[in-house]
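Me: Please take a close look at the surroundings of the ligand in this entry. I would then like the account to continue to the place where the two chains meet.

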Amino acid sequence: MNALKLDRRTWFVIVLLAALAVLPLVAIATDNDYQIAQFRRILIFAIAAVSLDLILGYGGMVSLGHAAFFGVGAYIVAILNWHAAREVPLFGMMLGTHNVLVTWTAAAMLSGALACLIGLVSLRTSGIYFIMITLAFAQMVYFFFVSLRAYGGDDGLRFPGDTVVLGVIDTENDVAFYYLVFGILCAVLYATRRLVNSRFGLVVQGCRENERRMKALGFATFRYKLACFTLAGALAGFAGALFAANESYISPSIMHWTRSGDLIVMVVLGGMGTLIGPVVGAVAFLFLEKTLPDYTEHWMVVFGPILLLLVLFARRGIFGWFLPKEDRHGGGH
Amino acid sequence: MAAAIEQATLLAVDGLVKRFGGLLATDNVSLGIREGEIHAIIGPNGAGKTTLIAQLAGEILPNAGTIRFAGTDVTGLTVDARARLGIARSYQITQIFKGFTALDNVAMAVQAQDGHNFRTWAPARADENLRKPAAAILERVGLGARADVRAVNLAHGEQRQLEIAMALATRPRLLLLDEPMAGMGKDESERMTALLAKLKGEETILLIEHDMDVVFALADRISVLVYGRVIATGRPDEIRANADVRAAYLGDGDA
Ligand SMILES: Nc1ncnc2c1ncn2[C@@H]1O[C@H](COP(=O)(O)OP(=O)(O)OP(=O)(O)O)[C@@H](O)[C@H]1O
Ligand SMILES: [Mg+2]
């Protein structure tokens, strides 16, 4: 692409990422450093929303259980840290650890494995059945963690949060941790952009557009959808791991089905099937969720209609305004 | 016609039965499609033509009977497994990727037989192994100039051509075409007829079509389906002369 003649969409991406890059500096300059943890949380939810966009926007799979993978990832990190701090054996061995190479990898892999299992069953259905079955599975996971008394059950789990990443980045250092998460978000955006434009990515989009045609062409669609679902689950679990590191405290509420709904709202609000849109959606959603209650306690009454209008008139959400006209509806690049 | 008899049978249907509740949509159909022929299936509305094709492609499973394709029993295979063996189809109601460009539609079909579908990094739209054959096939069906138009913005007739291009792109051994001219205007129909004439001799085609002029001009053989039953199979002149067919379907002096 010609560096001097960038289109609106590229400009938008550059401006958005630049704004996120300077955010902590602005916060420090204006004595708002206490908010940096909040900003990190926004980026972490943005990663989770991007992962949901892979299945929702590109795969056309409306999953109402995505927060389960996010929550499982977070719990893996929390539990491993908790065991390491208390020196309590796990499965009869000293498996607890603070090492993020282990905890974050385990979070992604186990969430991915769970997504694969849930996908194996739920991807045999479609439409409303798929929505309901993913919801049911997610609630099962939710109640499983609620019933885990050893790890706090309903009350959640607190664990020491002084994680050092790769021996250099201390998660206690607000700014350094922010830039780590920001760097991860950028890497995720780049990798998922490549993914959706690859052969695999086009197959997944073909399944969204017309699965019947895909089968008639000879694609065993199930395996591609399952791979995509698994990958999205792993990425959500990874975001959950970051969330756990950010909060040092987690509870089952982060995987309640309403949190899955929030993730869908972020994706739809920002723009489905655009990858960058969900980032915008996460920023907008968490900002509105934080500020609207200051004006009225009935903020949902305002937020609901805003969302409805967006879905009706801008199917590609906020980011859709910055797309060329023919890209605003359907399709996906 | 010794040569015709010796022609290998590519698809052999034997004793196929399909019931929808009390309705017998396919009534003990036996049929052979020979390598290289255009075999037309005609019959009134509701005769069971689409149901038959759906069973050949694997979307509907028969209650009884067998389907052999190139020597393999495919009766129990899934749609995609049959497609990989070389059975491609177009639908009575067009099935394409509406949000993709015409070229992307065909490139997806090329990719179906090229494989490597788990590549996750290299940009597929820059892949000459997909784009070049796709562009050539678009050219072949007469959509070369429309490559970058989104399928949803193509005219109805162009969408039908595109669907045939996609079927061709999988390099099939057998093409199942369900009323390729359905809903087309006069010009569009003529263009489609010309395209089918071009494919004659190059591809093996099972063609369902209501337009008798087209059928009798293109088909090597014709089977007549009435109430799910094949009442006659033969060359166009044989079908035209067949008394049963005239009584049941063509009507007096119609053909
Ligand atoms: N899924 C189904 N369930 C029940 N009945 C069906 C089903 N599909 C088709 N039928 C019935 O089976 C019969 C054959 O239908 P089919 O669509 O195969 O006919 P056709 O020859 O393709 O007709 P047309 O020329 O109108 O396309 C019809 O009576 C139809 O109503
Ligand atoms: Mg039909």
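Predicted model: local features only at pLDDT ≥ 70, side-chain atom pairs only at ≥ 80, totals over all residues.

Reply: Helix H2 of chain B gives the most to the shell around ligand 1, with three residues; helices (H or I, at least four residues) and strands (E, at least two) are DSSP runs numbered from the N terminus. Residues are numbered from 1 along each chain as its sequence is written, with chains lettered from A and ligands numbered from 1 in the order of writing.

Of the 13 residues around ligand 1, those that come nearest are Gly46(B), Lys49(B), Thr50(B), Thr51(B) and Gln92(B); a residue counts as near if one of its heavy atoms lies within 4 Å. By class, this shell has seven polar, four nonpolar and two charged residues. Here Ala, Val, Leu, Ile, Met, Phe, Trp, Tyr, Cys and Pro count as nonpolar, Asp, Glu, Lys and Arg as charged, and the others, Gly among them, as polar.

Several polar atoms face oxygen atoms of the ligand. An N or O atom in the side chain of Asn45(B) is 3.0 Å from an oxygen atom of ligand 1, and a polar backbone atom of Gly48(B) is 3.0 Å from an oxygen atom of ligand 1. For a polar side-chain atom of His210(B), the distance to an oxygen atom of ligand 1 is 3.1 Å. On its own, ligand 1 has 640 Å² of accessible area, of which the protein covers 60% (Shrake-Rupley method, 1.4 Å probe). Strand S2 (23-34) and helix H2 (49-57) of chain B are the elements that give two or more residues to the shell.

The account now turns to the chain interface. The contact (heavy atoms within 4.5 Å) takes 34 residues from chain A and 38 residues from chain B. About 3100 Å² is buried between them, with carbon and sulfur atoms giving 56%; buried area is the accessible area (1.4 Å probe) lost on putting two parts together, summed over both. In chain A, Arg199(A), Arg213(A) and Leu217(A) lose the most area to chain B, together 28% of what that side buries.

Four salt bridges are counted between chain A and chain B, each a side-chain nitrogen of Lys or Arg within 4 Å of a carboxyl oxygen of Asp or Glu. Arg212(A) forms a salt bridge with Glu59(B), their closest N and O atoms being 3.0 Å apart.

Notes:
Heavy atoms only, no water. Polar contact = N/O pair within 3.5 Å; in protein donor to acceptor, adjacent residues only side chain to side chain.
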